[in-house]
Amino acid sequence: SGIMGPAMFVLVASLILAGLTGELPKVEPSRYLMSQISDREQYVQVALGLFALGSLFAIRFVWYEVSMLSRPSERRLYPQLVTALCASASLGYGNFFLLTWAGVYA
């Protein structure tokens, strides 16, 4: 849908900025994303998209961990951290939008 492109851009940009500076940006990405969605029913689509993206990152993280069991000398910390951060942020925002759609967050 039309909102997924800008929403994902804001989410990824805020994660990159937070990773580089060590602090979250002044603009709250969740409030910005909520203001961009005109219909509350679209929260489910955004939530499912973020859950799918987060699940892919989580599967990639587990695959990397399992594949490195046989080659511990080739392990790298940075790919693990980036993958875990992306999975955590995507699943967290997906959970936020699902709870917002359900009416837990107004």
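Predicted model: local features only at pLDDT ≥ 70, side-chain atom pairs only at ≥ 80, totals over all residues.
Two aromatic pairs are present in the structure. In one of them, the ring centres of Tyr 43 and Phe 97 are separated by 5.7 Å and the ring planes meet at 55 degrees, so this pair is classed as tilted, given that the edge-to-face class begins over 60 degrees and the stacked class lies under 30 degrees. The two partners come from distant parts of the chain, with Tyr 43 placed in helix H3 (residues 42-67) and Phe 97 in helix H4 (residues 77-102), 54 residues apart. Tyr 43 has a relative accessible area of 9% and is therefore buried, and Phe 97, for which the relative accessibility is 0%, likewise counts as buried.

The rings of Phe 96 and Phe 97 form another pair, in which the centres lie 5.3 Å apart and the planes stand at 75 degrees, so that the arrangement is edge-to-face. Phe 96 has a relative accessibility of 19% and counts as buried, because the cut-off for this class is under 20%. Through these ring pairs, Tyr 43, Phe 96 and Phe 97 are linked into a cluster.

With a relative accessibility of 48%, Val 62 counts as partly exposed, since the exposed class requires over 50%.

Key:
Residues numbered from 1 in each chain as written. Heavy atoms only, no water. Phe/Tyr/Trp six-rings, centres within 6.5 Å; stacked < 30°, edge-to-face > 60°. Helix = DSSP H or I, 4+ residues; strand = E, 2+ residues; numbered from the N terminus. Buried < 20%, exposed > 50% of the residue type's maximum accessible area, 1.4 Å probe, protein only.
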